[in-house]
Amino acid sequence: MAKIRPRVKAPKKAAMGEIIEIKTLINHAMESGQRKDSSGNPIPRRIINRFDVALNGRQVFSVDLFPSISANPYVAFFLKAEESGDLTFTWHDDDGSVYEETKSIEVA
Amino acid sequence: MHDALETGGVSRRTLMISFGGGATVAAAMTLSPGLSLAGEAEVQAIIDQMAEAAPAEGGVDLDLPEIAENGNTVPVTFTVDAPMTADSYVKTVMVMADGNPQPEVARFHFTPESGTASASTRMRLAGTQGIIAVAQMNDGSTMMGRKLVKVTIGGCGG
């Protein structure tokens, strides 16, 4: 698999109380465990099973993902801008790997 | 509980799957004949686990294409019509597809800081089927939305 690189699109600045949209994408095959290879052997499941978002270390949003999620999982969601700080995005792989991305946001 | 659906003409196929890096991988996919699809019973079992009472119909809006040409990636957006305050907020939204081998698609966890209980993702759909979103408030009450999607070419069975 290509090197896994998470991508996050979030506003750098927001007005106090504004509801902002954050879009995230990570390249991952999301192997469902339902497929078989050319010789008929099942291909083992390997997906991103959890996506967490924390603001200044406090969890504000998360998703449990299942094999029905498409390859290169895309998740867009909203947050109410109430404090400046660091948004930490964490993706958890079935194989134990963890992929992380951080974006800072300034709320005025 | 399981309906052994006849998968007939679409039981064997070869799909080209392209990955983000541009590499194209040919994968021969075989869905075994008689593969049991999840069906509404499994969806109901998940709903029963979430809530004691039947969820109220409505209040969860699902934005989906009426016809999805490619079942490998079908966009879905849901919006729950509920306030998001510290006292009353949407805690969980479970999205399910009743015709997939495993009905669960994703479970979203919200907090009052979400501002609005809405999110988007992309899912695989094995074929034409119903999409169900069940929202649970912090007080335990539930509501649900449901929409049918027609799928022209099914996704990789899961």
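Between chain A and chain B there are two salt bridges, a salt bridge being a side-chain nitrogen of Lys or Arg within 4 Å of a carboxyl oxygen of Asp or Glu. One pairs the side chains of A:Asp64 and B:Arg107, 2.8 Å from N to O. Those two residues also belong to a network of salt bridges that links A:Arg50, A:Asp52, A:Asp64 and B:Arg107.

Before going on, the conventions. This is a predicted model, in which local features need pLDDT of at least 70 and side-chain atom pairs count only at pLDDT 80 or more, while totals for chains, interfaces and linings use all residues. Residues are numbered from 1 along each chain as its sequence is written, chains are lettered from A and ligands numbered from 1 in the order in which they are written, and side-chain values use heavy atoms, with hydrogens and water left out.

Back to the interface. The contact, meaning heavy atoms within 4.5 Å, takes 35 residues from chain A and 37 residues from chain B. About 3000 Å² is buried between the chains, with carbon and sulfur atoms giving 49% of it; buried area is the accessible area (1.4 Å probe) that two parts lose on being put together, summed over both. On the chain A side, A:Arg35, A:Phe66 and A:Ser68 lose the most area to chain B, together 21% of what that side buries.

There are also 20 residue pairs in polar contact between the chains, both residues at pLDDT 80 or more. A polar contact is a pair of N or O atoms within 3.5 Å; within protein, one must be able to donate a hydrogen and the other to accept it, and residues adjacent in sequence count only if both atoms are side-chain atoms. As for strands, β3, β4, β5 (58–65) and β6 (74–80) of chain A each supply at least two residues of the side that touches chain B. The most comes from β5(A), with eight residues. Strands here are DSSP runs of E, at least two residues, and helices are runs of H or I, at least four, numbered from the N terminus.

Next, salt bridges within a chain. Over all chains the count is 11. In chain A, A:Arg45 and A:Asp94 meet at 2.8 Å, N to O. That pair links distant parts of the chain, 49 residues apart, with A:Arg45 in the loop between β3 (19–26) and β4 (48–55) and A:Asp94 in the loop between β7 (85–93) and β8 (98–107).

In chain B, the side chain of B:Arg146 meets that of B:Glu40 at 3.6 Å, N to O. B:Arg146 is in strand β13 (residues 142–153) and B:Glu40 in helix α1 (residues 39–50), 106 residues apart. B:Arg146 also forms a salt bridge with B:Asp98, at 3.1 Å, N to O. How accessible is B:Asp98, buried or exposed? B:Asp98 is buried, at 9% relative accessibility, where buried means under 20% relative accessible area, exposed over 50% and partly exposed in between (1.4 Å probe, protein chains only). B:Glu40 is exposed at 52%, and B:Arg146 is partly exposed at 45%.

Last, the helix that holds B:Glu40. In α1(B), B:Gly39, B:Glu42, B:Val43, B:Ile46, B:Ile47 and B:Met50 are buried. They lie on the same side of α1(B), because they cover an arc of only 145° around the axis, taken from the directions from the helix axis to the C-beta atoms.
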